[in-house]
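Student: I'd like to go through this one with you, a question at a time. Can we put it up and start?

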Number of protein chains: 2
Amino acid sequence: MPRPGLLNLITDVPGLLVGHVTDDTVRSGATVLRTDGFWAAAVDVRGGGPGTRETEALAPENLVGRVHAIALAGGSVFGLAVADGVVAALSAQGQGLALKPGSPAIPVVPAAVLHDLGNGGDRAWGLEPPYRRWGIEAVAAAAREFALGRVGAGRGAMAGHLPGGLGSASLDLGDGLVVGALVAANPIGSVYMPDGHTFWAWPFEIDGEFGGHRPQGHAPVVDPLPEASRLADLGRLQPGVNTTLAVVACNADLSTAECKRLAMMAQDGIARAVRPAHTPFDGDTVFALASGAQGLGDGRARAVQLGRLGSAAADCLARALARAVHEAARGG
Amino acid sequence: MPRPGLLNLITDVPGLLVGHVTDDTVRSGATVLRTDGFWAAAVDVRGGGPGTRETEALAPENLVGRVHAIALAGGSVFGLAVADGVVAALSAQGQGLALKPGSPAIPVVPAAVLHDLGNGGDRAWGLEPPYRRWGIEAVAAAAREFALGRVGAGRGAMAGHLPGGLGSASLDLGDGLVVGALVAANPIGSVYMPDGHTFWAWPFEIDGEFGGHRPQGHAPVVDPLPEASRLADLGRLQPGVNTTLAVVACNADLSTAECKRLAMMAQDGIARAVRPAHTPFDGDTVFALASGAQGLGDGRARAVQLGRLGSAAADCLARALARAVHEAARGG
């Protein structure tokens, strides 16, 4: 039976490192996922208010379809500068495309941001928002072990009306394939069922990784705008740009187009862990990465394996989402 | 609190009629949704193996973005001819675009099909597959009340390894807005949790509409390729083209682009009711229709209402999926 990997983190996928920068004054942060090579990648955007960079380079019909890193940040549009820092840092280390001798290495670093500007942090940054610098620092911090909860790109996040955060989970399929997910959880919807303490993701929980609550009451879920969602407030209270930013990764030899299917299936993990999801106000964005280490074979059996990986990626993402909020509530 | 409409069918949305043709010899059928005007519409395709017609006409950036009917059928590619019959029947009644005096009325009838060719029915149709004729007959059969289960486009469907079928559900939001869903459920994934009898959609069930089972055991869901899914068999047993075809509808004044968001959010209903969903082998396709009868206002409040409708559409679709399989099991 499949089991979480050693760390129950996306970095159980060999070759992947994660680094956070967390600023408690700004109440924001950044998270970088760094690959040990030029990994196949794709992205699937399903929210109505996304903030992204270099996503078009990942379309299966376009040229690149591979990445050296993925950068996530708070800060809404200001946060997109995180990728400037990551690009500079990786290039300085010689990581990137070498198109011409003597030219700087050109790293491919897609990025996505969530909106945390309304959380009361200090944004008196004038002409120097900190996100570019944080990109450089996050590359230096990248490691296999990393914290969950109110850290990195999840530092300033909200999940419905509750603190959001940074979550991760992994699944070792037992046959050499490993899948993982990382998420910065800032959804407008609620991660809890109407009882207020059972995660929507409860069926997928392994070993009490997000508290072990199970549904007791059986009231039907009929209100499409639950109180625990911020959607009900949007008309009267606050501006809202809300987003679940996610990365799923595996060690299979997926093409860019297959990574796209992985990202699409992984979106179902958001659907299962958050209600409502994919609203006009969310920026739900899922990146998918594949290291290429494990061959999947070909033909129909390959497509079956891709479906299996996609199903595992959706489960990991649902678990990571619940872990993000669970760890945030623990002050993690 | 929102409640199902009078019939708990998509036809609780005023102006919508549904007609089935069911053939127990061919073990297939067709279902037509007929509007009482030229309704705004969009489509969202998320499966890896779709079979569709006239979907490009519904892209928000294209010209038409409205429909006179939606046609669903079994029969894989042969089933697409159902739209020929619907187009002919509606035009003969004078329904359609009148571009020039004396020209026939031009109905806009997008269609989608599911694969049921492997279910042992009689397909010795040579040069005359029955789907075009069924399209004509389904238009004639269209009514507010219609059957669920092994009927229409769901007649030959399978849900995982169990009989699939045709389902529907509605939600009256209590303020004049009504949402409904109709689905032909032929997913490769399972609609049941690992206990084998609790629908994934159970949290959304209203008044025992699909049997009232609740989860008792709490074993974690870790196998990405559950036995109750056909995905595990694909490598060794059978060809597979598997699909959840759905239509969601409401009575709001949505634009084509807003219908697209409604369809996108409704896909989450498939994600919540079926696991795995949106695999390379599914053709998951959701159409969204809006009659325009109820104004939603404008600005941010309008987008909030759109999110509310999308959330309700996802719930209705999850309920309709469970009802399809529940009614199919009852021999409905």
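Student: Which helix does Met264(B) lie in?
Tutor: Helices here are DSSP runs of H or I with at least four residues, strands are runs of E with at least two, and both are numbered from the N terminus. Keep in mind that this is a predicted model, where local features need pLDDT of at least 70, side-chain atom pairs count only at pLDDT 80 or more, and totals for chains, interfaces and linings use all residues. Residues are numbered from 1 along each chain as its sequence is written, chains are lettered from A and ligands numbered from 1 in the order in which they are written, and side-chain values use heavy atoms, with hydrogens and water left out. By that numbering, Met264(B) sits in helix 4 of chain B.

Student: Is Met264(B) buried or exposed?
Tutor: The cut-offs are under 20% relative accessible area for buried, over 50% for exposed and in between for partly exposed, with a 1.4 Å probe and protein chains only. Met264(B) has a relative accessibility of 10%, so it counts as buried.

Student: What does Met264(B) touch, not counting residues up to four places away in sequence?
Tutor: Contact means heavy atoms within 4.5 Å. One partner is in chain B and the other in chain A: Met264(B) touches Asp44(B) and Arg46(A).

Student: And how far is the C-alpha atom of Met264(B) from that of Ala314(B)?
Tutor: Along the chain these two are 50 residues apart.

Student: Over to Gly307(A): which residues does it touch beyond four places in sequence?
Tutor: Gly307(A) is found in helix 4 of chain A, residues 299-329. Its relative accessibility is 0%, so it counts as buried. Its contacts include chain B residues: the list is Met265(A), Leu231(B) and Pro280(B).

Student: How many helices and strands does chain A have, and how compact is it?
Tutor: The secondary structure of chain A comes to four helices and 11 strands.

Student: What share of the residues in chain A is buried?
Tutor: For scale, the C-alpha trace of chain A spans about 65 × 55 × 35 Å along its principal axes. Among its contacts with a separation of 6 or more, 78% are between residues 24 or more positions apart. Of the 332 residues, the buried share is 64%.

Student: Where in chain A is Thr31(A), and which side chain does its own side chain make a polar contact with?
Tutor: Thr31(A) is in strand 2 of chain A, residues 28-45, and is buried with a relative accessible area of 0%. A polar contact is a pair of N or O atoms within 3.5 Å; within protein, one must be able to donate a hydrogen and the other to accept it, and residues adjacent in sequence count only if both atoms are side-chain atoms. The Thr31(A) side chain reaches the backbone nitrogen of Ala153(A) at 2.9 Å. Its side-chain partner, at 2.8 Å, is His20(A).

Student: Which residues does the cis peptide bond in chain B join?
Tutor: Most residues other than glycine have a negative phi, and most peptide bonds are trans. In chain A, a cis bond joins Arg275(A) and Pro276(A), with omega about -10 degrees. In chain B, Pro276(B) is in the loop between helix 4 (256-273) and strand 11 (285-294). The cis bond there, with omega about -10 degrees, joins Arg275(B) and Pro276(B).

Student: What is the phi of Asp207(B)?
Tutor: Asp207(B) lies in the loop between strand 9 (178-186) and strand 10 (243-252) of chain B. Its relative accessibility is 59%, so it counts as exposed. Although it is not a glycine, Asp207(B) has a positive phi of about 55 degrees.

Student: Is Arg27(B) buried, exposed or partly exposed?
Tutor: Arg27(B) is in the loop between strand 1 (16-23) and strand 2 (28-45) of chain B. It has a positive phi of about 55 degrees although it is not a glycine. With a relative accessible area of 36%, Arg27(B) is partly exposed.
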